[in-house]
Amino acid sequence: MNTFIRPLFACVVLLFATEVLPAETAPFGIHVRTEPLQRIDSTSDQFLPGFLVETPAGTIRTLPSANRIEFTPTGSEKPTVLNAEVPTRTPSGIAFDDQHVWVADTGNRRILRWTMERDTINPESAIVLNTPALRRPVGLQATGGELFVSDSWSDQILVLDEAGRVLRTIGQHGYQPGFLSGPVGLLVHDDLLFVADSRNSRVQAFDPSTGTFVYEWGLHVIRPHEGEGRLHYPTKLLLSNDGQEIGVTEPWEDRVQWFRRATDSETVPERLPLGADNFVHFGAGVEAYDRLIAITDPDTHTVRVFD
């Protein structure tokens with residue numbers, strides 16, 4: 001079942017698909033428990049995902065189409081509506097640390113923050129963080145006193161302090177490595193920031209402190225439901241309990257794929273290093289003859305031949 005992901009450069013860190021979960025309906029939110037169970041939240045909106053996160057106090061879930069933020073305390077089955085007294089529009093991404101919970105109030109271009117205690121979240125503790133630079137905040141990740149926010153309209157990651165002030169930005173619109181188009185889910189792990197670069201159908205890794213591009217993986221499918229290891233508008237990222245695998249949700253494919261780092265003994269064919277004028281959005285169908293390589297691009301209806 002392993003599928004090889006071609007690297008952009010021979011020296012980058014490679015990842016491989018290891019498992020595809022049974023079909024779900026537009027999977028977005030996901031959480032891994034200590035036992036072998038994955039919780040997958042589904043929504044019909046494939047461009048603005050709802051998220052599901054389990055905090056020490058309980059489960060938080062956003063439902064953009066219903067304009068609801070639900071908190072279900074641990075051990076309870078009855079949710080509390082966190083945004084009952086706060087006007088929101090299509091809330092999506094969720095992040096938390098030891099003291100706070102953040103939710104991306106996407107339609108209002110802002111972030112909401114609640115105080116989290118050990119066993120509860122106080123609905124009346126909501127604070128609005130208005131950051132003028134935000135245009136369409138979606139994915140959130142909190143770590144080290146900083147909040148990482150993916151903005152799918154400005155195609156960049158904004159790093160905020162706890163008061164909502166912009167500390168720095170990562171990425172800009174584009175298709176080449178280090179550029180973004182429709183970033184959604186975020187994950188900080190192993191001193192790296194992973195970004196679900198949705199419209200580029202890949203996952204990119206950056207240095208979270210400097211914003212420097214480190215590596216990427218993923219090729220766009222040419223046909224729907226094509227091949228494990230290829231990605232089709234990925235949205236949400238998560239880390240397995242052992243820290244060795246990353247899960248990627250793909251609503252358009254109704255699936256979740258798991259990727260792991262390649263070992264030194266696993267070799268992968270090198271991807272042709274395409275320049276800005278030779279970018280192939282939907283991945284490449286490749287055929288070689290003698291000293292020529294032909295690459296199909298379904299998006300532009302062209303075939304490009306390289307010597």
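Rings of Phe, Tyr and Trp (its six-membered ring) pair if their centres lie within 6.5 Å, and planes under 30 degrees apart count as stacked, over 60 as edge-to-face and the rest as tilted. This is a predicted model, in which local features need pLDDT of at least 70 and side-chain atom pairs count only at pLDDT 80 or more, while totals for chains, interfaces and linings use all residues. Residues are numbered from 1 along each chain as its sequence is written, and side-chain values use heavy atoms, with hydrogens and water left out.

**Exercise 1.** Determine how the rings of Phe194 and Trp217 are arranged.

*Solution.* A search of the whole structure finds five aromatic pairs. For Phe194 and Trp217 the ring centres are 6.3 Å apart and the planes stand at 65 degrees, so this pair is edge-to-face. Because Phe194 lies in strand E17 (residues 192-197) and Trp217 in strand E19 (residues 213-217), the pair ties together parts that are 23 residues apart in sequence; strands (E, at least two residues) are DSSP runs, numbered from the N terminus.

**Exercise 2.** Classify the pair of Trp217 and Phe259, and state whether these residues are buried or exposed.

*Solution.* Trp217 is buried, with a relative accessible area of 1%, where buried means under 20% relative accessible area and exposed over 50% (1.4 Å probe, protein chains only). The rings of Trp217 and Phe259 have centres 5.4 Å apart and planes at 50 degrees, so the pair is tilted. Phe259, in strand E22 (residues 255-261), is 42 residues from Trp217, and Phe259 is buried as well. Ring pairs link Phe194, Tyr215, Trp217 and Phe259 into a cluster.

Technical notes: Helices (H or I, at least four residues) and strands (E, at least two) are DSSP runs, numbered from the N terminus.
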